[in-house]
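Welcome, and thanks for taking a look at this structure.

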Amino acid sequence: MGTTLVFLEHHGGELQKGGLGVLARAASLGGEVAGVVLGHGVQDVAAQAGAYGASTVYVVDHETLAPPLPQPRVDALAAVVAETGAENVLFAGSVLSADVAAGLAARLDAGLNWDLTDLVADGGGLVGKRPALGDTVLVDVGWTTTPRLALVRSGSFEPVETGGTATVTPVSAQFEDFSTQPVLVEHLQETTSGPSIEEADVIVAGGRGLGAPEGFKLCEELADALGGAVAATRAVVDAGWYPYSTQVGQTGKSVSPRLYIALGISGAIQHKVGMQSSGTIVAVNKDPNAPIFDFADLGVIGDLNQIAPKLAELVRARKA
Amino acid sequence: MTGFDCVTACARVARVLAVKIAVCVKQVPDAAAAKRLDPATGRLDRSGETALNATDVNAVEEALRLKEAHGGEIVVVSVGPEKALESLRKALAMGADRAVLVSDPAVAGSDLVATSHVLAKALEREAADLVLFGQQSSDSDGAVLWAAVADRLRRPMISQVAELKLDGGTATGKRQTEFGYDVIAVPLPAVVAVSDAINEPRYPSLKGIMSAKSKPTETLSLADLGVEGERVGVAGSRTTVMGMAPPPPKGGQVKIEDDGNAAEKIVDFLAERKLL
Amino acid sequence: MTAIRAADYPPPFSSAEAIGAPTDAADERIEVGVLVVGGGPGGLACAIRLGQLLQEQPELAERLGDVPVALVDKGKQPGSHLLSGAVMNPRAVRRLFKGRPDQLDGIPTYGEVHREGVYLLTKGRALRIPPPPTMRNHGNWIVSISQLARYLADQAETAGTMVLPETSADTLLVDHGRVVGIRTGDKGRGKEGEPLGNFEPGADIVAKVTVLAEGTAGHLTAAAVDRFGLHGRNPQIWELGVKEVWRVAKPLDRIVHTLGWPLRKGARYREFGGSWIYPMGDELVSLGFVIGLDYRDVELSAHDLLQEFKTHPFVRKLLDGGERVAWGAKTISSGGFHSLPRKLNAPGLLLVGESAGLVNIPRLKGVHYAIESGRLAAEAAVRALGRGEVPGRIGALDSYDDELLGGYVGRELREVRNMRQAFDKGFFVGGALASAMTVTKGKLPPGELGTEPNADAPLLKTNRAAGYPAADGALTFDKLSSVFASGNRTRDDQPNHVRIERRVPREVAELWSWMCPAQVYEVGEDDGDGLVQVKLTPSNCVQCGAITAKGGRLTPPEGGSGPEYTLT
């Protein structure tokens with residue numbers, strides 16, 4: 001296996017966890033593994049990659065790359081690929097990386113497989129595993145040419161601290177006119193409330209088992225402690241207990257957070273299809289026959305009114 | 001200013017104001033029809049009922065709003081089998097003006113690289129001021145198509161747009177990321193991918209549905225576009241689907257009864273899985 | 001103690017609500033020549049025949065304007081709301097496509113019936129019994145009515161009909177005593193009826209002739225019958241059928257009908273019904289359980305009866321190794337001849353198919369009656385639209401009634417006119433009477449049997465629910481997952497389209513809760529005076545029509561909502 005490049009996103013002077021996780025996975029594929037860091041004034045950030053398994057980090061440091069926009073990154077990455085003759089280019093899935101990976105695929109006429117939950121070396125090549133049909137099947141996908149581009153589903157791999165150092169190698173790139181045409185007018189206006197349910201990493205969802213609209217306070221407490229968002233089932237939204245925008249399910253939103261905690265939710269299929277691809281599902285329900293226990297990773301038969309506040313308290317203590 | 005100058009000035013302003021929008025839409029198997037992977041090809045079995053991809057409807061709606069504000073023309077473009085014309089008609093019923101379908105058996109089995117090539121050729125032919133995409137394909141087979149097409153068209157692009165404005169020759173979009181939102185401006189001609197948060201699509205009126213049947217629809221073959229066979233289908237693709245299997249059973253489902261320590265057990269469980 | 005009846009708690013609905021004059025400005029109205037309401041086999045046959053006739057009469061086609069024939073259907077696409085067994089007598093499609101062999105050959109079928117068996121079930125056994133004379137299906141075609149409609153819709157479009165799915169018919173437009181068209185339903189209203197951001201008002205569609213082919217529990221048909229005084233001798237009554245389609249490991253070699261278990265034979269229960277199991281090619285099987293809605297037990301649930309039925313060893317064996325691929329529910333008009341409106345037409349109006357009540361329950365046949373009536377309606381309409389005719393004139397469409405009732409449809413319905421009612425007397429007496437009727441072609445026993453509206457049945461409670469199996473997700477299923485399997489994904493913030501009295505005795509709330517295959521109704525909180533609130537989840541509704549039979553009123557929700565049947 002030749003060189004594998006791993007696109008490492010950074011934010012606020014720190015390398016993002018997703019890319020570092022992919023870096024760890026890349027080490028198992030054989031061949032050299034190098035990180036790629038693109039931005040402006042990113043020498044220090046780039047060096048961080050050494051501690052996570054990169055022997056080399058290629059850096060394109062240019063003011064054009066200062067704003068978090070995808071198209072100049074396609075130019076820069078194409079330059080790195082050309083210079084290194086890389087065989088694989090891996091990305092941890094994100095809003096930015098999806099655009100970059102697809103743009104690069106078109107630029108290089110290179111195959112791109114996305115939403116992968118695993119990558120394995122196979123007879124000199126690479127095989128990706130991709131969930132399909134609401135995560136009910138796992139499809140094996142491959143590439144017919146190199147370089148092979150892969151977008152990995154966020155959270156699929158954990159970073160591994162190897163404590164090493166990396167050689168930071170600068171690469172220069174030319175930018176296309178059209179790439180530099182988008183202009184960042186305003187940056188990072190945070191929304192005042194917490195993450196929306198579509199973006200949240202953690203969701204605490206409430207159903208009829210909460211008993212009354214006031215029950216959502218328990219969900220909010222727990223979500224707050226975990227840094228997550230609150231969602232609701234169709235039944236309680238219909239009853240007016242929580243806003244329609246938080247409804248998860250067949251006729252609401254589809255979510256796939258890393259952690260989904262279901263409080264007082266029976267787990268009817270109309271709800272299940274909206275959250276079944278969540279990473280880990282924890283359910284608390286006092287009915288031992290609730291269908292949700294058929295697919296929860298951790299099912300707890302008990303009174304959520306006792307368990308949820310205690311859980312919030314313990315989580316806060318842990319995080320402190 | 002003479003009368004003649006006035007006319008040309010007005011015409012120039014009108015040309016600047018009126019905008020030609022191409023909306024790329026995809027027909028997907030209807031969510032209600034049981035989705036299946038075709039065991040022969042490993043790809044989604046598309047022989048079932050079909051509907052316009054949900055977010056593409058948002059893109060069509062956004063195009064309609066822009067046309068209502070600025071005047072112009074909306075053409076909906078799709079690559080697919082003949083029956084994709086039905087979905088295109090839905091877009092026409094909402095108010096789009098023309099439909100273009102690239103339908104050629106050679107296209108079957110095309111991946112991102114191949115599809116983006118064909119779509120870019122069709123869009124070049126249209127030479128629109130603004131190319132719109134819906135952000136999420138419900139069969140996630142078309143995800144990220146817009147970025148590949150924008151690169152082939154050599155046009156600036158904004159994606160994840162939850163709010164879009166046109167002013168003179170500039171499009172300004174509010175782009176949503178994991179960290180919050182950015183506001184980005186691009187000069188036309190440009191490519192914009194919109195999220196489903198951008199608008200609430202209209203229902204086509206009965207009159208709209210009835211008039212859709214007589215709006216111009218073009219069906220093009222690859223030859224019409226000047227696309228060579230080796231650039232599409234399996235030959236033109238750079239990825240393959242090799243097989244499928246049920247996912248590995250989710251390691252150890254655990255079910256416990258609260259004996260007073262459930263909260264602690266949950267915390268341990270989460271910590272073990274590095275979720276805290 | 002007086003018995004509790006659902007009929008004593010009528011819904012807040014009056015037919016007058018569904019009748020009105022056009023309200024759009026004259027130049028805003030959509031003008032068509034003939035408007036067909038309902039994309040089932042009846043409506044589509046009518047549209048196809050109209051297309052055929054207009055091809056032969058181009059000057060008439062010209063006079064009918066830009067859209068000579070339009071057809072509206074409230075489902076997502078034709079077939080989305082259609083459900084039946086079905087074993088269809090091909091005689092009507094042969095007539096419809098006479099001289100057009102390509103169109104006839106293109107009809108999707110699962111083959112002809114070669115073998116059939118009728119079984120009387122007891123709890124553990126299945127006894128083969130000779131099929132009653134009304135049940136001879138050799139040579140009939142096994143079809144999916146949903147697929148049939150999709151095919152017929154294509155033919156109708158080719159023949160020039162403008163097919164408009166996702167369009168509900170809300171109001172019958174009547175002007176100066178004549179039917180002049182319909183008003184379609186609004187879209188984009190919220191839970192309280194308030195217009196949402198994408199609100200799209202309905203539109204007036206005006207037509208020279210309006211054909212109502214709404215199927216069971218037709219909304220406008222019932223209003224039209226009231227408005228024009230077309231009530232038949234007996235009120236309409238219904239059966240409720242719940243159906244599943246299964247992929248099976250072993251092909252089924254015959255069509256099967258069963259009687260008996262799990263229904264109870266005693267006259268006081270009034271449990272009339274049975275099941276069907278039909279092969280759909282080698283890989284699929286259609287099965288369903290049907291029960292008359294005149295039943296009395298509050299805990300009777302057609303859906304759960306189907307689940308219980310599947311646990312019988314006879315059925316279990318057929319389904320072993322298979323998996324469920326579809327589910328649905330729909331009522332069937334079963335009043336027969338005496339429940340037909342006294343006239344099937346009014347000025348500017350024709351009533352076609354099941355909505356007119358053209359169903360032969362003892363033969364379990366209705367699809368070919370619908371097609372035949374659709375064809376005849378088209379011919380009557382074209383006659384009335386001929387040069388110098390006025391279709392709105394009283395009696396202008398009477399030739400439809402004459403042809404239909406004078407032909408085989410009328411004749412066959414008359415022969416079995418008392419058969420269904422005989423079963424009010426219980427399985428054995430009813431069975432004996434039915435045999436007598438068949439053998440004498442309706443001449444014996446003498447006299448005409450009356451019918452009580454389904455909602456009048458005095459309720460009783462027997463803990464019947466204890467016999468229903470718990471859902472195991474493999475052989476038996478709960479209602480919610482079944483609603484999911486119907487393809488229903490109606491948006492939750494739609495206005496409620498089900499009209500019922502919301503404060504009723506507990507027994508009535510329970511009746512509806514068990515009755516509804518889609519779990520729309522739930523017993524809510526106590527409301528004092530021995531009454532409870534009825535909780536509604538209208539978005540679950542698969543528009544089967546049962547509530548209309550049993551004390552409420554189903555009105556059409558927003559076009560495009562409801563189930564999306566493809567295999568039923």
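**A first look**

In chain C, C:Ile30 has C:Ile205 of strand S14(C) as its bridge partner. That pair is a handy place to start, and please keep in mind that the model is predicted.

**A histidine in a loop of chain C**

- Where is C:His81 found? C:His81 lies in the loop between strand S4 (69–72) and strand S5 (87–88) of chain C.
- Is C:His81 buried or exposed? C:His81 counts as buried because its relative accessible area is 7%, and the cut-off for buried is under 20%.
- The side chain of C:His81 makes a polar contact of 2.9 Å with the side chain of C:Lys74.
- Leaving aside neighbours within four places in sequence, C:His81 is in contact with several residues, including C:Lys330, C:Gln543, C:Ser561, C:Gly562, C:Pro563 and C:Tyr565.

**Chain C as a whole**

- Chain C contains 16 helices and 27 strands.
- Its C-alpha trace spans about 65 × 55 × 50 Å along the principal axes of chain C.
- For 568 residues, a compact globule would have a radius of gyration near 24 Å, so the 23 Å of chain C agrees with that expectation.
- Of the 568 residues in chain C, 63% count as buried.
- Taking contacts in chain C between residues at least 6 apart in sequence, 79% join residues at least 24 apart.
- Chain C exposes about 20,600 Å², and carbon and sulfur atoms supply 51% of that area.

**Chain B as a whole**

- Chain B has nine helices and 13 strands.
- Of the 276 residues in chain B, 51% count as buried.
- Taking contacts in chain B between residues at least 6 apart in sequence, 71% join residues at least 24 apart.
- Chain B has an accessible surface of about 11,700 Å², with 54% belonging to carbon and sulfur atoms.

**A sheet built from chains A and B**

- What is the order of the strands in the open sheet of six strands? The order is S15(A)-S14(A)-S16(A)-S17(A)-S18(A)-S13(B), with parallel pairing.
- The edge strands are strand S15 (229–232) of chain A and strand S13 (254–257) of chain B, each pairing on one side only.
- Neighbouring strands of this sheet are turned against each other by 15° on average, direction ignored.
- Helix H9 of chain B, residues 262–272, packs on the sheet and touches S16, strand S17 (280–285) and strand S18 (298–301) of chain A together with S13 of chain B.
- Within chain A, strand S14 (residues 202–206) and strand S16 (residues 259–263) pair in the parallel sense over five bridges. A:Ala205 has A:Ala262 as its bridge partner in S16(A).

Definitions and conventions:
Residues are numbered from 1 along each chain as its sequence is written. Chains are lettered from A and ligands numbered from 1 in the order in which they are written. This is a predicted model: local features need pLDDT of at least 70, side-chain atom pairs count only at pLDDT 80 or more; totals for chains, interfaces and linings use all residues. Side-chain values use heavy atoms; hydrogens and water are left out. Two strands pair if DSSP finds at least two bridges between them. Helices (H or I, at least four residues) and strands (E, at least two) are DSSP runs, numbered from the N terminus. Axes are lines fitted to C-alpha atoms, for helices over the stretch in contact, and angles run from 0 to 180 degrees between N-to-C directions. Contact means heavy atoms within 4.5 Å. Buried means under 20% relative accessible area, exposed over 50%, partly exposed in between (1.4 Å probe, protein chains only). A polar contact is a pair of N or O atoms within 3.5 Å; within protein, one must be able to donate a hydrogen and the other to accept it, and residues adjacent in sequence count only if both atoms are side-chain atoms. The radius of gyration is taken over C-alpha atoms; the globule rule is 2.2 Å times the number of residues to the power 0.38. Accessible areas come from the Shrake-Rupley method with a 1.4 Å probe; for residues, only the protein chains shown count as cover.
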